[in-house]
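This briefing is written for a reader who has the sequence and the three-dimensional model at hand. Please keep both in view while reading the points below.

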Amino acid sequence: MPKQEAAIKKAVASTTTATGGHAPVPKGKLATTINELTSAVQTTIADYEKSLTPRLKLIDIFLVFLVVLGVLQFIYVLLVGNFPFNAFLGGFISCVGQFVLLVSLRLQINEKRDDQQKDGDADDDIKKDSKAVFDHISPERSFGDFIFASLILHFIVIHFIN
């Protein structure tokens, strides 16, 4: 009997040290969690593709591009160095500023705001407040403001780099 207890203690000790001091997770539970996560991601992507207009998808792609470009610039500075530091700052500030302007444009031209206002969900007060903020701004004016602000942003960035 003592030999069996010693073997059991040794097996438990080796299992907990191999898993970092934690009890091992049953394989069935891990597989279920991964399947639930995969299902949630697929549902989110399907809803995104179904509910958004091509205009908003294009804006989202540009937003992702700006984030990737900013991250690449930051990694470049970390790896290579920041000799022309004002050039890095100009490029990075340009990415961040354009991202902010694009998010503002996306909020203003979101056509789903009109649909949400008509639905009558439980969050009617919140939807009315968010709709009221951009109610008087047409999508054409929003785009014009975006173009004007982008020109000013890039004019300042170019003068900063010089």
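Phe85 and Phe88 both belong to helix α4, where 3 residues, about one turn of the helix, separate them. The model described here is a predicted one. The protein chain contains 7 helices and 0 strands.

**Aromatic pairs**

- The structure contains 5 aromatic pairs. In one of them, the ring centres of Phe74 and Phe92 are 6.5 Å apart, and the pair is tilted because the ring planes stand at 45 degrees.
- This pair links distant parts of the chain, with Phe74 in helix α3 and Phe92 in helix α4, 18 residues apart.
- Phe85 and Phe88 also form a tilted aromatic pair, with 5.9 Å from centre to centre and 40 degrees between the planes.
- Phe74, Phe85, Phe88 and Phe92 are joined into a cluster by ring pairs.
- Which member of this group is buried, and which are partly exposed? Phe88 is buried, its relative accessible area being 14%, which is under the 20% cut-off. Phe85 is partly exposed at 38% relative accessibility, Phe74 is partly exposed with a relative accessible area of 42%, and Phe92 is partly exposed with a relative accessible area of 29%.

**Nonpolar surface patch**

- A nonpolar patch on the surface has about 1100 Å² of accessible area in total, and its members include Val67, Val71, Phe74, Ile75 and Tyr76. Leu78, Leu79, Val80, Val96, Phe99 and Val100 also belong to the patch.
- Helices α3 and α4 each contribute at least two residues to the patch.
- Helix α3 provides the largest share, 8 residues.
- Val100, a member of the patch, lies in helix α4.
- Phe74 takes part both in the patch and in the aromatic cluster.

**Salt bridges**

- How many salt bridges does the model contain? The count comes to 2.
- Asp60 counts as buried because its relative accessibility of 14% is under 20%.
- Asp145 forms a salt bridge with Arg141, and the closest N and O atoms of this pair are 3.6 Å apart.
- Asp145 and Arg141 lie 4 residues apart in helix α7 (residues 139-161), so about one helical turn separates them.

**Record-based transmembrane regions**

- An unreviewed UniProt entry places the feature "transmembrane region" at residues 58-79, 85-105 and 143-161.
- In the model, residues 58-79 are 100% helix and 0% strand, with the end C-alpha atoms 31 Å apart.
- Residues 143-161 are likewise 100% helix and 0% strand, and their end C-alpha atoms are 27 Å apart.

- Ser150 lies in helix α7.
- Is Ser150 buried or exposed? Ser150 is buried, because its relative accessible area of 8% is under 20%.
- When residues up to four places away in sequence are not counted, Ser150 touches Gln98 and Leu101.

**The chain as a whole**

- From the N terminus on, the elements of the chain run α-α-α-α-α-α-α.
- Of the 162 residues in the protein chain, 19% count as buried.
- Among the contacts in the protein chain with a separation of 6 or more, 70% are between residues 24 or more positions apart.
- The protein chain exposes about 12300 Å², and carbon and sulfur atoms supply 69% of this area.

Notes
Residues are numbered from 1 along each chain as its sequence is written. This is a predicted model: local features need pLDDT of at least 70, side-chain atom pairs count only at pLDDT 80 or more; totals for chains, interfaces and linings use all residues. Side-chain values use heavy atoms; hydrogens and water are left out. UniProt positions are given in the numbering used here, feature names are shortened, and annotations may be inferred rather than shown by experiment. A salt bridge is a side-chain nitrogen of Lys or Arg within 4 Å of a carboxyl oxygen of Asp or Glu. Buried means under 20% relative accessible area, exposed over 50%, partly exposed in between (1.4 Å probe, protein chains only). Patches are made of residues with over 30% relative accessible area and no salt bridge: like charges are joined within 9 Å, nonpolar side chains (Val, Leu, Ile, Met, Phe, Trp, Tyr) within 5 Å. Accessible areas come from the Shrake-Rupley method with a 1.4 Å probe; for residues, only the protein chains shown count as cover. Rings of Phe, Tyr and Trp (its six-membered ring) pair if their centres lie within 6.5 Å; planes under 30 degrees apart count as stacked, over 60 as edge-to-face and the rest as tilted. Contact means heavy atoms within 4.5 Å.
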